[in-house]
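Hi,

Here is the model I promised to pass on. Have a look at it first, and then read my notes below.

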Amino acid sequence: MSQPKAAIKPYHHPAAGWGALKQVAAQLALQKIPVKGVITLLSQNQPDGFDCPGCAWPDKEHTSTFEFCENGVKAVAAEATAKRVPPEFFAKHTVTELMEWSDFDLENEGRLTHPMRYNPATDKYEEISWDGAFELMAKHLNALADPNEAIFYTSGRASNEAAFLYQLFVREFGTNNFPDCSNLCHESTSMALPPTVGIGKGSVTLHDFEHADTLLIFGQNPATNHPRMLGELREAAKRGARIVAINPLKERGLERFADPQSPFDMLSFKGSKISDMFIQPKLGGDLALIKGMIKFIIQWDDEAIKNGTERVVDVAFIEQHTNGFEAIAEDARKESWDVIVEESGVPLEQIEEVARIYATGDRVISTWGMGITQHKHGVATIQTLVNLMLLRGNIGKEGAGLCPVRGHSNVQGNRTVGIYEKMPQAFLESLERVFDIKVPREPGYDAVAAIQAMIDGKAKFFFALGGNFSIATPDTDRTWQGLRNCDLTAHVTTKLNRSHLVHGKEALILPCLGRTEIDMQETGPQGVTVEDSMSMVHISYGMNKPASPHLLSEPAIVARLAHATLKHSKTPWLEYIKDYSKIRDAIEQTLPHLFENYNERIKHPGGFRLPVPSSDRIWNTPSGKAEFTLHEIPRNSPIHQARAQYGDRMFVLMTTRSHDQYNTTIYGMDDRYRGVFGQRRVIFMNPEDIKRMGLKAGDWINLVSVWQDGVTRRADHFLVVAYDIPQGCLGGYYPETNNLVPLESVADLSHTPTSKSIPVIIEKAGEQKVSHAA
Ligand SMILES: Nc1nc2c(c(=O)[nH]1)N[C@H]1C(S)=C(S)[C@@H](COP(=O)(O)OP(=O)(O)OC[C@H]3O[C@@H](n4cnc5c(=O)[nH]c(N)nc54)[C@H](O)[C@@H]3O)O[C@H]1N2
Ligand SMILES: Nc1nc2c(c(=O)[nH]1)N[C@H]1C(S)=C(S)[C@@H](COP(=O)(O)OP(=O)(O)OC[C@H]3O[C@@H](n4cnc5c(=O)[nH]c(N)nc54)[C@H](O)[C@@H]3O)O[C@H]1N2
Ligand SMILES: [Mo]
């Protein structure tokens with residue numbers, strides 16, 4: 001790729017708008033997609049079209065005309081690219097040589113066309129037949145001393161059908177080793193919600209967004225990651241709903257947004273205002289901030305009791321529906337304002353203002369993303385947010401509720417159908433009954449435990465259904481050591497990525513159909529189903545010709561691997577490939593309370609919503625009530641410890657997404673809304689900190705993380721960019737900074753890597769010229 005001109009230019013326009021349209025044209029050109037291909041994009045998210053692989057935000061009605069979304073177009077264009085990676089490509093390049101390529105350049109080669117096997121003698125991938133690939137994997141699996149030596153990763157794009165067959169195969173084989181992208185993502189949500197509201201899913205639907213009068217947006221960057229959510233926010237803002245953004249980084253897309261659907265926005269160049277208030281806590285400061293809000297509400301409520309005026313908390317709701325109110329009220333009364341202000345980094349007046357906004361809203365929705373989950377105390381923060389919402393009965397009524405905004409388009413569905421290292425016993429019992437098999441009951445490895453097991457030599461076989469495990473995970477150097485320890489690594493995949501190059505002694509690339517492609521089987525073209533972030537399940541049919549005639553669908557790959565491995569299985573693996581409705585029948589039999597009449601109900605345009613009891617104020621907790629949960633404001637975290645050691649030389653780094661990337665897939669080198677162009681090795685830093693450290697914007701720095709295990713973790717050569725971010729906090733991009741996250745640095749309970757709070761020290765690096773037109 002020719003190097004684009006690097007520059008830093010603050011962005012003064014609204015988010016989306018014309019910039020988005022320009023980007024889309026550039027992506028179509030990059031992927032060599034002719035104008036005709038645009039028709040594919042326009043068919044996306046229609047009743048007979050395919051589900052957008054871009055994100056898990058739900059579709060309006062699902063029958064509406066194409067909703068323009070830059071993220072969706074980029075995701076579809078990346079899959080529908082005209083570029084191909086045939087065996088001849090691999091004949092030309094050794095793996096050692098490809099390791100020198102950037103992540104952008106690897107994926108930019110296009111779609112993989114043939115199954116490939118690594119040959120250590122030539123250091124190249126060579127073509128292998130599908131049967132040969134299945135036999136090789138079966139041989140390895142059956143040679144393991146214990147099924148728990150095998151690891152089966154899932155990235156959240158797999159359909160319900162593929163994921164269900166996969167977990168069935170793996171459990172019939174004998175392990176619960178199911179690390180998944182959720183472990184790296186919303187696991188803190190999945191751990192926090194069941195004990196409090198009885199289910200690990202959000203309680204709201206799009207209908208609620210239409211009726212909310214107040215929205216709190218915690219730790220999320222929707223302009224980049226969930227652009228269709230901005231449409232909802234814009235509508236809410238226009239209706240007069242109050243929107244508060246809580247984010248250390250002044251994200252442009254949370255301030256103003258130009259809806260590409262709206263001629264007014266597009267022609268006025270001004271866009272619509274989104275947030276009424278923008279609060280910038282320090283990284284990880286949300287728990288203290290939310291506690292501050294709770295303290296105000298309890299204080300005002302106590303005053304109301306004293307004065308005989310209307311109560312501030314929802315007394316009837318608290319009495320009928322909750323447990324533990326007194327304990328958290330007493331805790332809030334005792335909490336010190338100094339600690340709240342110090343640990344949140346938010347001035348008291350602002351905490352009071354946002355508490356007032358919350359307390360005067362009748363229908364409040366709280367949303368959250370990675371800015372909350374990827375912290376040491378992510379679970380505690382979410383449970384404290386639940387406390388806040390319960391105080392005024394903001395769960396389970398129209399226009400109000402909890403809205404974790406998930407990432408991958410079917411990550412929620414994968415969990416529902418069994419991709420979880422500790423699936424509930426009832427599910428496992430059901431599998432045993434329906435399929436007349438024995439499945440293991442002890443929990444398996446999550447993502448971090450899987451890496452440790454590979455490093456320790458306890459796991460020797462690594463299989464991935466999608467994703468890019470080698471660089472989506474923390475502690476890059478050690479993770480790679482683990483993967484290279486394996487006897488076999490195998491990846492079901494659409495495009496070439498780093499994980500194919502960081503391989504075991506033997507390695508396979510197994511190219512599959514993407515969701516946009518026609519999946520033709522014996523009984524005709526097959527559809528697959530997915531579940532979005534609001535628990536809506538619907539069917540998706542591909543419309544494009546497959547990228548290569550040698551591709552198999554994900555369900556076919558899983559079923560044929562199972563057939564090759566489990567010689568005595570009674571499960572009709574090959575039958576499932578012929579007709580996916582048979583897989584849906586099997587899902588229905590296993591989870592009848594969720595998927596009753598599955599095949600019938602997906603015929604309805606827009607599909608159906610899975611039951612979410614908390615939406616109806618039914619609390620599936622042991623007490624049958626929603627639980628308030630008491631959490632201290634953390635004061636001795638690894639960040640506090642590093643601060644004690646290094647004083648204000650220590651910075652807290654968050655690793656986040658640029659505008660031109662989909663997780664590890666790099667679409668381009670710009671981060672438009674943050675004003676970064678043509679480069680990714682940047683660090684956002686407060687101007688005062690830049691001065692204090694004797695630096696200038698445009699200087700180059702190296703980062704070294706602070707961790708007490710004697711391992712030096714570093715990431716070198718980043719450009720300092722002055723940005724509106726609290727002092728002591730830094731922002732950088734993932735995956736460039738992943739090596740700084742120690743494997744042991746995980747969130748309490750959920751084990752999610754703390755990708756948003758890494759203690760680091762800065763070193764000044766050598767000079768390098770770049771245009772810095774700030
Ligand atoms: N275009 C595009 N779309 C995507 C993806 C993509 O990579 N590209 N990825 C998909 C996936 S898998 C996911 S999980 C989602 C991710 O979507 P997001 O949840 O938006 O994830 P990030 O980009 O990591 O951004 C996290 C945001 O949290 C803020 N933040 C960081 N730390 C804190 C904190 O301590 N407190 C608060 N209040 N805020 C904080 C950051 O400034 C940033 O704005 O997007 C999905 N959609
Ligand atoms: N430091 C840091 N690390 C993070 C994060 C962070 O914020 N900071 N975020 C975390 C989060 S939220 C997540 S979800 C993970 C993401 O982790 P993953 O889900 O593992 O990574 P992706 O980059 O989404 O995977 C991209 C690859 O998926 C393959 N692919 C694309 N479409 C398909 C398909 O239809 N089928 C198959 N089989 N393969 C396909 C392509 O080969 C592509 O290279 O990363 C996590 N890692
Ligand atoms: Mo994610």
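**A three-stranded sheet to start with**

Strands E21, E22 and E23 make an open sheet, in the order E21-E22-E23 and with antiparallel pairing. E21 (528–531) and E23 (608–609) are the edge strands, each with a single partner strand, so one side of each has no neighbour in the sheet. Strand E22 (residues 536–540) is joined to E23 by 2 bridges, and valine 537 sits opposite phenylalanine 608 of E23. For the terms: helices (H or I, at least four residues) and strands (E, at least two) are DSSP runs numbered from the N terminus, and two strands pair if DSSP finds at least two bridges between them.

Some housekeeping before the rest. This is a predicted model, in which local features need pLDDT of at least 70 and side-chain atom pairs count only at pLDDT 80 or more, while totals for chains, interfaces and linings use all residues. Residues are numbered from 1 along each chain as its sequence is written, chains are lettered from A and ligands numbered from 1 in the order in which they are written, and side-chain values use heavy atoms, with hydrogens and water left out.

**The barrel and the annotated domain**

UniProt, in an unreviewed entry, puts the feature "domain: Molybdopterin dinucleotide-binding" at residues 651–758. Its positions are given in the numbering used here, feature names are shortened, and annotations may be inferred rather than shown by experiment. Over residues 651–758 the chain is 6% helix and 34% strand, with the end C-alpha atoms 8 Å apart.

There is also a closed barrel of 6 strands, running E25-E32-E29-E31-E30-E33 with mixed pairing. From one strand to the next the twist averages 45°. Strand E25 (residues 650–656) and strand E33 (residues 758–764) pair in the antiparallel sense over 4 bridges, and methionine 650 has isoleucine 761 as its bridge partner in E33. Helix H32 (residues 638–646) packs on this sheet and touches E25 and E33, its direction making about 140° with that of E25. Contact here means heavy atoms within 4.5 Å; axes are lines fitted to C-alpha atoms, for helices over the stretch in contact, and angles run from 0 to 180 degrees between N-to-C directions.

Strand E9 (residues 242–246) has 4 of its 5 residues buried, so the rest of the structure largely encloses it. Buried is under 20% relative accessible area, exposed is over 50%, and partly exposed is in between (1.4 Å probe, protein chains only). E8 and E9 run parallel, joined by 5 bridges, with leucine 215 opposite isoleucine 243 in E9. E9 is also joined to strand E12 (residues 277–279), in parallel, by 3 bridges; there valine 244 stands opposite methionine 277.

Glutamine 220 is in the loop between strand E8 (214–218) and helix H11 (222–225). Is glutamine 220 buried or exposed? It is buried, with a relative accessible area of 5%. Neighbours within four places in sequence aside, the contacts of glutamine 220 include His226, Asn247, Trp368 and Val405.

**Two helix spots**

The axes of helix H14 (residues 286–307) and helix H17 (residues 337–344) come within 8 Å and cross at roughly 150°. The contact is made by Ala288, Leu289, Lys291, Gly292, Lys295, Phe296 and Gln299 of H14 with Trp337, Ile340, Glu343 and Ser344 of H17.

In helix H25 (residues 476–485), the buried residues include Thr476, Arg478 and Trp480. The buried residues of H25 pack against several elements, among them helix H23 (447–455), strand E16 (461–465) and strand E17 (488–493).

Leucine 98 belongs to helix H5 (residues 95–98) and is buried, at a relative accessible area of 0%. Leucine 98 and asparagine 497 are 399 residues apart in sequence but 9.8 Å apart in space, C-alpha to C-alpha. Beyond four places in sequence, the contacts of leucine 98 include Phe89, Arg498 and Leu501.

Proline 86, in the loop between strand E3 (84–85) and helix H4 (87–92), is partly exposed, with a relative accessible area of 23%. From proline 86 to phenylalanine 651, 565 residues along the chain, the C-alpha atoms are 45 Å apart.

Cheers
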